[in-house]
Amino acid sequence: CTAVTVSKEPSGELGNKDSTAELNSNGKIPNRDSGIDSPSCSVAGETFPSDEGAEQKKPGVAGNPGEVEPDKKGTKPSSAERKRDSTQDEDSDIDEGSSEEQETAEVPKLEYLDVNKCTEPQKLFNIANELLHTEEAYVKRLHLLDQVFCTKLSEAGISSEVITGIFSNISSIYCFHGQFLLPELKTRITQEWNVNPRLGDILQKLAPFLKMYGEYVKNFDRAMDMVNTCMQRSSSFKDVVQNIQKQEVCGNLTLQHHMLEPVQRIPRYELLLKDYLKKLPEESPDRKDAEKSLELISTAANHSNAAIRKMEKMHKLLEVYERLGGEEDIVNPANELIKEGHIQKLSAKNGTAQDRYLFLFNSMVLYCVPKLRLIGQKFSVREKMDIAGLQVQEIAKPNVAHTFSITGKKRSLELQARTEEEKREWIQVIQATIEKHKQNSETFRAFNSSFSQEEEHLPDSSVS
């Protein structure tokens with residue numbers, strides 16, 4: 001344990017200073033409540049540095065104010081300090097970097113208490129109290145989405161199809177947390193903790209209902225697009241949303257920020273429960289229930305993260321599709337962008353170097369020519385090379401450094417990287433993609449062969 005806060009002020013309305021502080025100086029919306037970075041697509045072997053992301057913060061623990069001496073009370077660092085990762089493709093020539101300024105609050109001296117001095121029961125209560133406080137704030141956010149935004153938009157005449165397309169099943173999520181999970185946590189932690197200090201039994205009973213988040217998470221990317229479209233095309237929609245965002249209850253935060261909360265909430269439960277189990281004695285009667293709860297919640301978190309990764313991949317494919325001018329039909333769930341970047345093409349006639357651009361997918365390589373554009377980089381596809389049958393190797397050219405070749409079924413290209421390290425990275429990631437494609441193809445062929453043999457040996461009656 002390190003010295004962290006063991007006391008937390010009760011959560012106020014969403015419009016209080018903690019909520020307001022969540023808009024950082026550069027206008028970006030921080031990642032509240034999740035405690036983890038958003039998953040992003042990465043590839044083994046690709047080591048280009050991305051823009052500096054935010055440091056992952058470990059959630060603090062809230063203490064019991066009644067059990068801490070007045071001169072040692074502390075204030076919990078604001079969750080606004082947790083920033084969402086801003087990642088971008090390593091080789092892209094488009095500058096998409098973002099500054100990540102950390103907000104620091106002045107904390108009076110002697111405001112922190114070493115957790116090592118807390119007893120084990122006190123540490124467990126700290127975690128339970130943290131869960132309760134964050135749950136209370138989360139239910140208020142759900143109320144804002146369901147009872148304020150949804151209601152006001154409906155009263156303004158916005159169609160139910162649009163509202164459902166944006167908010168999905170947020171009403172069911174709000175009902176579950178507001179009427180079931182929060183009341184049980186509040187009763188247990190504020191009234192029963194002295195005689196029944198447990199969390200696992202409540203979470204195990206209610207964790208299966210977290211599967212309802214799958215529908216919300218899968219719809220989230222589409223919901224964001226619908227909000228942006230409606231803000232641009234519907235004056236009544238824009239007026240309602242902007243009026244709510246100006247109110248104190250909204251905490252000067254955007255609708256999109258509030259809509260992100262449910263996506264981040266499940267991983268937050270997982271982190272708190274893991275911390276709870278670390279401090280829970282092995283012989284505790286709550287251990288079995290807590291372990292089962294973690295298993296259920298981790299499954300829900302995996303589904304949530306998998307849906308987020310899938311959405312991010314599809315969003316990236318759409319971006320590439322637009323940069324290619326819609327020339328190639330690459331927007332397919334089976335496609336995955338692995339690496340992209342500038343490269344030099346060595347002319348076979350005179351050996352001169354020409355600017356080119358490569359997009360490496362799990363199933364193909366797109367060899368492109370940059371187009372001149374005032375805004376944004378565009379590319380024209382010059383050659384499409386299937387990964388199946390592709391070969392990559394290092395070559396030695398007199399008076400030309402950092403060269404390698406890729407050879408497909410129809411064409412061979414001699415390419416030059418900017419540095420020796422960049423050349424090795426291209427070779428390694430292309431080779432790894434080729435090997436993975438081979439393995440997948442062999443597995444698929446073996447499955448088909450086995451399936452065919454089983455069909456041949458089935459009795460005629462079974463086949464019929």
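Colleague: How many helices and strands does the secondary structure of the protein come to?

Modeller: This is a predicted model, in which local features need pLDDT of at least 70 and side-chain atom pairs count only at pLDDT 80 or more, while totals for chains, interfaces and linings use all residues. Residues are numbered from 1 along each chain as its sequence is written, and side-chain values use heavy atoms, with hydrogens and water left out. Helices (H or I, at least four residues) and strands (E, at least two) are DSSP runs numbered from the N terminus. The secondary structure of the protein comes to eleven helices and nine strands.

Colleague: What percentage of contacts between residues at least 6 apart in sequence join residues at least 24 apart?

Modeller: Of the 464 residues in the protein, 45% are buried, a term that means under 20% relative accessible area, with exposed over 50% and partly exposed in between (1.4 Å probe, protein chains only). A contact requires heavy atoms within 4.5 Å. Among contacts between residues at least 6 apart in sequence, the share that joins residues at least 24 apart is 69%.

Colleague: Which are the edge strands of the open sheet of seven strands?

Modeller: Two strands pair if DSSP finds at least two bridges between them. The pairing in this open sheet is antiparallel, and the order of its seven strands is 6-5-4-3-9-8-7. From one strand to the next, the twist averages 35°. Pairing on one side only marks the edge strands, namely strand 6 (378-386) and strand 7.

Colleague: Is strand 8 (residues 403-407) largely enclosed or open?

Modeller: Strand 8 pairs in the antiparallel sense with strand 7 (residues 391-394) over four bridges, and with strand 9 (residues 412-416) over five bridges. Four of the five residues of strand 8 are buried, so the rest of the structure leaves this strand largely enclosed.

Colleague: Which residue of strand 9 is the bridge partner of serine 405?

Modeller: Strand 8 is joined to strand 9 by a hairpin of four residues. Serine 405 is the bridge partner, in strand 8, of glutamine 393. In strand 9, the bridge partner of serine 405 is glutamate 414.

Colleague: How are helix 2 (residues 120-155) and helix 4 (residues 170-192) oriented, roughly parallel or roughly antiparallel?

Modeller: Axes are lines fitted to C-alpha atoms, for helices over the stretch in contact, and angles run from 0 to 180 degrees between N-to-C directions. The axes of helix 2 and helix 4 come within 9 Å and cross at roughly 150°. Under 35 degrees counts as roughly parallel, over 145 as roughly antiparallel, 65 to 115 as roughly perpendicular and the rest as oblique. The angle therefore makes helix 2 and helix 4 roughly antiparallel.

Colleague: Which residues of helix 7 (residues 235-246) make the contact with helix 2?

Modeller: Helix 2 and helix 7 pack at an angle of about 140°, with their axes 9 Å apart. Helix 2 contributes Leu144, Val148, Phe149, Lys152 and Leu153. From helix 7 come Phe237, Val240, Val241, Ile244 and Gln245.

Colleague: Which residue has a side chain in polar contact with the side chain of aspartate 286?

Modeller: Aspartate 286 lies in the loop between helix 8 (255-279) and helix 9 (287-323), and counts as buried because its relative accessibility is 0%. A polar contact is a pair of N or O atoms within 3.5 Å; within protein, one must be able to donate a hydrogen and the other to accept it, and residues adjacent in sequence count only if both atoms are side-chain atoms. A polar atom of the aspartate 286 side chain lies 3.0 Å from the backbone nitrogen of glycine 200. At 2.5 Å, its side-chain partner is tyrosine 276.

Colleague: How far apart are the C-alpha atoms of tyrosine 269 and leucine 203?

Modeller: Tyrosine 269 is located in helix 8 and, at 4% relative accessibility, counts as buried. Beyond its neighbours within four places in sequence, its contacts include Leu131, Glu135, Tyr138 and His177. Although 66 residues separate tyrosine 269 and leucine 203 along the chain, the distance between their C-alpha atoms is 9.6 Å.
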